[in-house]
Amino acid sequence: MYSNFPYQIILASASPRRKELLSQLGFSFKVEIRPVDETIIIGKSPLEMAIMIAQEKLEAFDIKEYQNPTLIITADTIVSIKNTVLGKPKNVLEAKQMLRELSGRKHKVITAVCIKTASIQETFYDETDVEFSSISDHEIDYYIQEFNPLDKAGSYGIQDWIGVGFIHSIKGSYTNVVGFPTEIVRRKLLGIIS
């Protein structure tokens with residue numbers, strides 16, 4: 001769709017979901033990953049955390065490394081309940097604890113995105129409110145065993161079995177909960193060249 005986009009796009013993310021969503025938008029890109037510390041800092045709000053990590057991911061790149069006009073995209077998704085950040089679980093026990101906390105309750109998903117070219121750097125974000133119906137311990141155990149959500153903020157993927165069966169309501173962008181707010185990203189990318 002956007003094959004004439006005048007920048008080489010680098011998606012700085014290991015997430016297969018972000019890769020799939022950017023591809024579905026119609027942009028050509030390549031993936032480059034540079035490790036950064038994603039440790040949650042006590043005292044930062046969920047929004048501040050998401051923005052800080054997305055910006056740290058961007059700072060791992062030097063735009064001058066690239067010969068062609070290049071645009072780098074980084075993102076970070078945070079799940080929070082009552083302003084407490086639920087990051088990626090360290091183990092199965094922590095995943096169970098997070099899912100028990102989300103069961104039958106509302107939470108917020110925030111994705112911060114950074115884009116950078118040689119002349120532009122911009123950070124933006126999206127927020128979505130999600131409510132789960134009640135999930136039993138047996139269902140939580142099944143989900144963790146079958147879907148291994150340890151690489152996901154809040155210990156779940158909305159596109160997985162648990163999202164299909166237990167999401168009672170969602171207010172805002174679905175793709176934001178997946179980890180990449182596609183409508184805003186498309187608008188921002190096209191805004192750079194308009």
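What covers the buried residues of α3? Let's start there. One caution before we do: this is a predicted model.

Helix α3 runs over residues 92-102. Its buried residues are A95, M98, L99 and L102. Looking down the axis of α3, these buried residues fall within an arc of 95°, so they line one face of the helix. An α-helix has 3.6 residues a turn, so residues three or four places apart point the same way.

Now the cover. It includes strands β3 (70-81), β4 (84-86), β5 (106-116) and β6 (121-132). It also includes helices α4 (137-147) and α5 (161-166).

Which exposed residues sit on the face turned away from the buried side? They are L93 and Q97.

The axes of α3 and α4 come within 10 Å. They cross at roughly 135°. That makes α3 oblique to α4. The crossing is right-handed. From α3, the contact uses V92, A95, K96, L99 and R100. From α4, it uses D137, I140, D141, Y143 and I144. By class, that contact has six nonpolar residues, four charged and no polar. Note A95 and L99: both are in the contact with α4, and both are on the list of buried residues of α3.

Where is it? S155 lies in the loop between α4 and α5. Buried or exposed? S155 is buried, at a relative accessible area of 0%. Leaving out residues up to four places away in sequence, S155 touches G87, P89, E94, A95, M98, L99, Y143 and P149.

With 16% relative accessibility, S103 counts as buried, because the cut-off is under 20%. Which residues does S103 touch, not counting those up to four places away in sequence? The answer is F132, S133, S134 and I135.

Now to another helix pair, α1 and α7. Helix α1 covers residues 16-25, and α7 covers residues 182-193. They pack at an angle of about 55°. Their axes are 11 Å apart. The two helices are therefore oblique to each other. This crossing is right-handed. As for α3 with α4, that crossing is right-handed as well.

Who meets whom? On the α1 side, L21, L22 and L25. On the α7 side, T182, V185, R186 and L189. The residues of this contact divide into five nonpolar, one polar and one charged.

Last stop, I192, also in helix α7. At 17% relative accessibility, I192 counts as buried. Which residues does I192 touch, not counting residues up to four places away in sequence? Y7, L71, I115 and I120. Take I115. I192 and I115 are 77 residues apart along the chain. Yet their C-alpha atoms are separated by 10.0 Å.

To recap: α3 has its buried residues on one face, with L93 and Q97 exposed on the face turned away. S155 is buried at 0%. And α1 is oblique to α7.

Technical notes. Residues numbered from 1 in each chain as written. Predicted model: local features only at pLDDT ≥ 70, side-chain atom pairs only at ≥ 80, totals over all residues. Heavy atoms only, no water. Axes fitted to C-alpha atoms, helices over the stretch in contact; angles between N-to-C directions. Helix = DSSP H or I, 4+ residues; strand = E, 2+ residues; numbered from the N terminus. Parallel < 35°, antiparallel > 145°, perpendicular 65-115°, else oblique. Left-handed = near helix turned anticlockwise from the far one by under 90°. Contact = heavy atoms within 4.5 Å. Nonpolar A, V, L, I, M, F, W, Y, C, P; charged D, E, K, R; others polar. Buried < 20%, exposed > 50% of the residue type's maximum accessible area, 1.4 Å probe, protein only. Arc of directions from axis to C-beta.
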